[in-house]
Amino acid sequence: MARKIHSIEVEFFASLREAVGCRVLSILPSEIERLTCVEDVRTWVVRCLGESRCTELLAERTRLAVNEEFAELDTPVDRGDRVAFMPAVTGG
């Protein structure tokens, strides 16, 4: 029987992980009710970690994903989702 996940996992990649100081945060079920989209999750992270640690996270160029699919700030989130924040990738 599969275990039902009740939290939202928030992952940070590359330079964002270094900036915020962790790889993953879990949003507990009691806090999820107020979070309806990726923007709400980002606001929750900033409130938890402080704006000074989240400057790069707030940058317009930061890429977002929900359950490994690229997303926008208005993409809905729900219990069991994995929300990822990634720095923009540049290449030549």
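This is a predicted model: local features need pLDDT of at least 70, side-chain atom pairs count only at pLDDT 80 or more; totals for chains, interfaces and linings use all residues.
User: Where is Phe12 found, and with which residues is Phe12 in contact?

Analyst: Phe12 belongs to strand E1, which covers residues 8-12, and with a relative accessibility of 1% Phe12 counts as buried. When neighbours within four places in sequence are set aside, the contacts of Phe12 are Arg17, Val20, Cys22, Arg23, Leu25, Val45, Leu57 and Phe85. For one of these residues, Arg23, there is also a C-alpha distance: the C-alpha atoms of Phe12 and Arg23 are separated by 5.2 Å, although the two residues are 11 residues apart along the chain.

User: How many salt bridges does the structure hold?

Analyst: Side chains of opposite charge can pair when their charged atoms come close. The structure holds two such salt bridges. In one of them the side chains of Glu11 and Arg82 meet, at 3.0 Å from N to O. This pair links distant parts of the chain, with Glu11 in strand E1 and Arg82 in strand E5 (residues 82-86), 71 residues apart. Glu11 counts as buried at 14% relative accessibility, whereas Arg82 is partly exposed, with a relative accessible area of 34%.

User: Which side chain meets that of Glu33 in a salt bridge?

Analyst: The side chain of Arg79 meets that of Glu33, with 2.3 Å from N to O. Here too the pair links distant parts of the chain, 46 residues apart: Glu33 lies in the loop between helix H2 (29-32) and H3, and Arg79 lies in the loop between strand E4 (69-71) and E5. Glu33 counts as exposed at 57% relative accessibility, while Arg79, at 30%, counts as partly exposed.

User: In what order do the strands form the sheet?

Analyst: Five strands form an open sheet with mixed pairing, in the order E2-E1-E5-E3-E4. Its edge strands are strand E2 (24-27) and E4, each of which pairs on one side only. Neighbouring strands of this sheet are turned by 25° against each other on average, direction ignored. Within the sheet, E3 and E5 pair in the antiparallel sense over four bridges, and Leu64 stands opposite Phe85 in E5.

User: Which strands does H3 lie across?

Analyst: H3 lies across E1, E2, E3 and E5, and it runs at about 110° to E2.

User: What pattern does the whole protein chain follow along the sequence?

Analyst: The protein chain has three helices and five strands, and read along the sequence they follow the pattern β-α-β-α-α-β-β-β. The radius of gyration of the protein chain is 13 Å, close to the 12 Å that the globule rule gives for 92 residues, so the chain is as compact as a globular protein of that length. Of those 92 residues, 39% count as buried.

How values were computed. Residues are numbered from 1 along each chain as its sequence is written. Side-chain values use heavy atoms; hydrogens and water are left out. Helices (H or I, at least four residues) and strands (E, at least two) are DSSP runs, numbered from the N terminus. Buried means under 20% relative accessible area, exposed over 50%, partly exposed in between (1.4 Å probe, protein chains only). Contact means heavy atoms within 4.5 Å. A salt bridge is a side-chain nitrogen of Lys or Arg within 4 Å of a carboxyl oxygen of Asp or Glu. Two strands pair if DSSP finds at least two bridges between them. Axes are lines fitted to C-alpha atoms, for helices over the stretch in contact, and angles run from 0 to 180 degrees between N-to-C directions. The radius of gyration is taken over C-alpha atoms; the globule rule is 2.2 Å times the number of residues to the power 0.38.
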